[in-house]
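Please work through each task before reading its solution.

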Amino acid sequence: MSDDLPERNRGRSRGRRVRRWVGLFRIAIYRLVARLRHVPRQTIVTVALIAVTIALLMIVTGIAAGIATDSPADSEADVRIVPAGGGTLSSVIDVETARLGNVHETSATLDEREDVAYATPVLVEAVRIRVDGSDETETVLAMGVVPPAEPIAIEGVSTAPLEPGDPHFANGAYDGARTGEVVLTDDAAAAINASEGDSLEVGSSAAATRRRENTGGSLAYTATAIEDTAANGVSGALPIVMLHLSELQSISGADDDDLADQVLVKTGPDASTTAVESAAADAYPNATVQTGDDGQLASIRSNDFALATSLVALIVAVVICSLFVATSAALTIDKDRQTIAVFAAIGFSTRSRLAIVAVTTLSLTLAGALVGIVLGTIGISVTNYVATATVAPEPIATIRPAFGLYAVAVALIAGVLALPYPLSLVARTNVVTELGR
Amino acid sequence: MARDSPPNENESARARPISDGADRTAAPSSVAVRCEGVTHEYGTGSTASRAVTALRDVSFEVATGDVVGLVGPSGSGKSTALHVIGGLLEPSDGTVDVLGTDLTALSGAQRTRLRRDHIGFVFQQFHLLPALSARDNVALPLIERGVARRERQRRAAALLEQVGLDDRMDHLPSELSGGEQQRVAIARALVADPAVVLADEPTGELDTGTGARVLELLVDVADERTVLVATHDERAMAVTDRVLRLLDGEVRQTEQFGSEQ
């Protein structure tokens, strides 16, 4: 029985402590309500400033997350081989830039490696295209690829509708069976008013001459599929078509040396990028081997960029929030020193007084964060509406449930960082002076 | 009266020795408050050239259960004496003994604990929290003692009933008259069942009639507690057992009622 006494006393002491903290918490909330009642303008301004900061943080983070989503971790290639001095979009900008040669054989060699999931050359050419018999001709960007057995997406366009391999290449003879398959993005399809299954004419004026010489002008293409680019996350309203590499080479004249603009290499699930990078460098000693998001197109959409943006937003939000909270709390305490002195006079310990002020301050910050989450959600919707109505083909900012927790956490961190100043004012309050005021 | 509540686990703080590691008298004493040679100067240190001596070698004793008035004009040192006895100020010199504990030997935190457990304060400006109802204001000191909310509310209600405000429990201070606010303040000072009550100009903000009634109420509900009332109101003498007259920080005269001066 006597052994139970210390345990019982400990339990009572713990109970007292819990009741005390619950009571202090209630006082803090009462004080916040009273503050809203007695100095509504100052309180509302503080909450509004915190809310706006948090809302801006959410919008910037939403845009950053949108950018990151646009550049998924499982991008189309871990390693890109591009000509030295060339780049992903070089052919669009300047047709005379260097290209890689002998790409079918080299890609096949890389593709055979166990640590490579697939390797495909990509030739990018501007071509003219129209529905057979139509007068509506459009210039579109054509991507020539060697579709792997397992379909992949290149620039958001899936290779699934294309027959795997490149039968027309025929080991460099370019006399194999032509598939005539063309995948159009919906923008390209809309531009020429094409539907799935339509017969198409593809070529440039110069290439068309050559083609007629080579094949007697009997070439026929079919719109195998229309890709929904919005669903695939392709940015920009650029009309794109995809077809087999050798067939595009034949159209553009790149078949002379089996040319392509780059070779995309995806490493196997557990394979080392370094080994593949080394193999790529061996295959093209004079080319540039880029890994991850080094590519020009990827770099502007990379996760690093998104991370940097959201980090800057985070730091700015924390600093601004802290300053708002610290200033507001200090102003309030300056008016409220007498109450703090009364707490001291009726026996509240310094720790309890500090706790009351801390909880009041953090509650104010939390209120700002909650309003900020609402404003941020609205802000993201407005941002997306404005963006899609003006420059962007699709929403540029995303919103996720985790943003709410993130906003609350950021606001609380800012609140905690702001605490030392108001708490030092509380600790320095001269009880006797304040009681006699 | 406030002592009517039965002791419970929340009261264990009162049952403990009143100080942790502080000097303690060897035997229980009938003296609740003892000041010996207490001097206090404001503005020492960096502002020493402008130092003001608020108390000058003040010595007196207050027996347990006595109601003592500290009477004197403004600036005579009455409030300073109360602040020193309440542990809000550490005197520049001398010793202050409250319930057998030398306050000058205690740290600030220990003095706060002693205040929480054994001393009740009544202020001239009431100092009620505007956001809290009368009942919550009265219950405030019990929060620091870790008393359960229901018990806090029960004891606050009982005390408000005692001071005649049973129909004002849920009113905010702004909805109460000055006299009612001071009665709430008196209830708050007594809710933790302190042995010593210190009232600093409790009638200063009230009209004559209300002030007199509040003083009578204070002494009445304080029952057998030791009460020190600092006032410049000569009529306060009517409710005290003894009056200490202060002038320029010194005790000039002691008047004992019901016996020779």
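**Exercise 1.** Determine whether Phe343(A) and Phe348(A) are buried or exposed, and classify the aromatic pair that they form.

*Solution.* Step one: Phe343(A) and Phe348(A) are both buried (buried means under 20% relative accessible area, exposed over 50%, partly exposed in between, with a 1.4 Å probe and protein chains only). The model is predicted: local features need pLDDT of at least 70, side-chain atom pairs count only at pLDDT 80 or more, and totals for chains, interfaces and linings use all residues. Residues are numbered from 1 along each chain as its sequence is written, chains are lettered from A and ligands numbered from 1 in the order in which they are written, and side-chain values use heavy atoms, with hydrogens and water left out.

Step two: a pair of aromatic rings is described by the distance of the centres and the angle of the planes. Rings of Phe, Tyr and Trp (its six-membered ring) pair if their centres lie within 6.5 Å; planes under 30 degrees apart count as stacked, over 60 as edge-to-face and the rest as tilted. Over all chains, the structure holds three aromatic pairs. Phe343(A) and Phe348(A) form a tilted one, with 5.0 Å centre to centre and 55° between the planes.

**Exercise 2.** Why is the pair of Phe121(B) and Phe123(B) stacked?

*Solution.* The ring centres of Phe121(B) and Phe123(B) are 5.5 Å apart and the planes are at 5°, so the pair is stacked. Phe121(B) and Phe123(B) are both buried.

**Exercise 3.** Identify the residue that lies over the face of Tyr221(A).

*Solution.* Arg178(A) lies there, 4.7 Å from the ring centre (the criterion is NZ of Lys or CZ of Arg within 6 Å of the ring centre and within 35 degrees of the ring normal).
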